[in-house]
Amino acid sequence: MSDKKPPDISLEALRDGNRDEFARLVDAYSGAIYRLAMKVLGDDQDAEDVLQNTFLNAFKHISGFEERASLSTWLYRIAANEALMLIRKRRPETTLTDTATEDDEGKDYSPVQFVDWCCLPEDELLSTESKRYLDKAIHRLPEKLRIVFILRDLEGLSIEETSQALELSQTAVKTRLLRARLNLREQLSSYYGERLQDRSKVK
Amino acid sequence: MTAHHECKPLLESLSDYVDGTLDEALCTEIQRHMADCQDCRIVVDTLRKTVHIYHATAEEPEAVPANVRARLFRSLNLEDYLKPQE
């Protein structure tokens, strides 16, 4: 959403409690927030809960919005917090070992797969089946990497905006982004590597 | 990539490299290294492709299903704004 022209929403009107403006805000940003929630949580009902809570919170706290970040980044921040809270709530059985895995610190990210699948045609890379795998691969990322990847590479936020939305340093955002991308590259190398083999068998 | 000891430090710069935000000196270093290291070349190409593919999937329109939008407006007490778009 950040690379498109931001809709002309009046902050002053929002702060005055203008309902027309709130309705416009909801229509301008609900699509992006819903998609973010779907990508992070992978569940319709959870995504809808996050969508509703994001705007309820935004309405409640608009007077506290300080314009250090853009309105869209501020909404992403609320949505990201809501989504992460929901993930934690849904996983009460989390053990210490799980937490360590979630942090994913110290894990070796050195590439292990060296299959060159770049030559596969675009319609195969982006077939319906491939897209399903692409979504699945995102869900296999630890949540801390997943949220950074979604904001930066799917929603198109800059490194700075992502760091504002997640209240993380830019260095931390960059590190997590790199790990997320390398992790996805490994997963896609397995998947597209197989497609590549299938194609050579057919020929 | 695993066999060459100089590959690992370059790994840290790869995100910036594929985003085109890496400084020139490091870019040149990566390019020089890739010329001799096929594994690294594949990693860089497939990493760039990975990012490209996900960007392509994100270009699809962001639409909230009509029933989800209706429930959202109701939860915000904005149901009187639903009609014009339905």
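Because the model is predicted, local features are reported at pLDDT of at least 70 and side-chain atom pairs count only at pLDDT 80 or more, whereas totals for chains, interfaces and linings use all residues. Residues are numbered from 1 along each chain as its sequence is written, and chains are lettered from A and ligands numbered from 1 in the order in which they are written.

Of the 203 residues in chain A, 35% are buried. A residue is termed buried if 20 or more other C-beta atoms lie within 10 Å of its own, exposed if 12 or fewer do, and partly exposed in between, with C-beta atoms placed from the backbone. Contacts are defined by C-beta atoms, placed from the backbone, that lie within 7 Å. Among contacts in chain A between residues at least 6 apart in sequence, 71% join residues at least 24 apart.

Chain A is divided into domain 1 (11-89) and domain 2 (96-202), with bounds that come from an automatic or database domain assignment. The centres of the two domains, taken over C-alpha atoms, are separated by 25 Å. In the contact between them, 12 residues of domain 1 meet 14 residues of domain 2. On the domain 1 side, helices H2 (19-41) and H4 (71-89) of chain A are the elements that give two or more residues, and H4(A) gives the most, with 6 residues. This side comprises 8 nonpolar, 2 polar and 2 charged residues. Here Ala, Val, Leu, Ile, Met, Phe, Trp, Tyr, Cys and Pro count as nonpolar, Asp, Glu, Lys and Arg as charged, and the others, Gly among them, as polar.

Helix H4(A) also packs with H8(A), at an angle of about 150° and with the axes 12 Å apart. The two helices are therefore roughly antiparallel, a term applied to angles over 145 degrees. Axes are lines fitted to C-alpha atoms, for helices over the stretch in contact, and angles run from 0 to 180 degrees between N-to-C directions. In this contact, A:Tyr76, A:Ala80, A:Leu84 and A:Ile87 of H4(A) meet A:Glu143, A:Ile147 and A:Leu151 of H8(A). The residues involved are 6 nonpolar, no polar and 1 charged.

Between the chains, 35 residues of chain A are in contact with 32 residues of chain B. On the chain A side, two or more residues come from each of H2, H3 (44-61), H7, H8 (143-154) and H10 (170-202). The largest share, 9 residues, comes from H2(A). The chain A side divides into 21 nonpolar, 5 polar and 9 charged residues.

Two residues were examined individually. A:Lys131 is found in helix H7 (residues 128-140) of chain A and counts as partly exposed because it has 15 C-beta neighbours inside 10 Å. Residues up to four places away in sequence aside, A:Lys131 touches A:Leu126 and B:Thr57. A:Arg68, by contrast, is placed in the loop between H3 and H4 of chain A and counts as exposed because it has 8 C-beta neighbours inside 10 Å. A:Arg68 and A:Gln164 are 96 residues apart in sequence and 9.0 Å apart in space, C-alpha to C-alpha.

Definitions and conventions. Helix = DSSP H or I, 4+ residues; strand = E, 2+ residues; numbered from the N terminus. Contact = placed C-beta atoms within 7 Å. Parallel < 35°, antiparallel > 145°, perpendicular 65-115°, else oblique.
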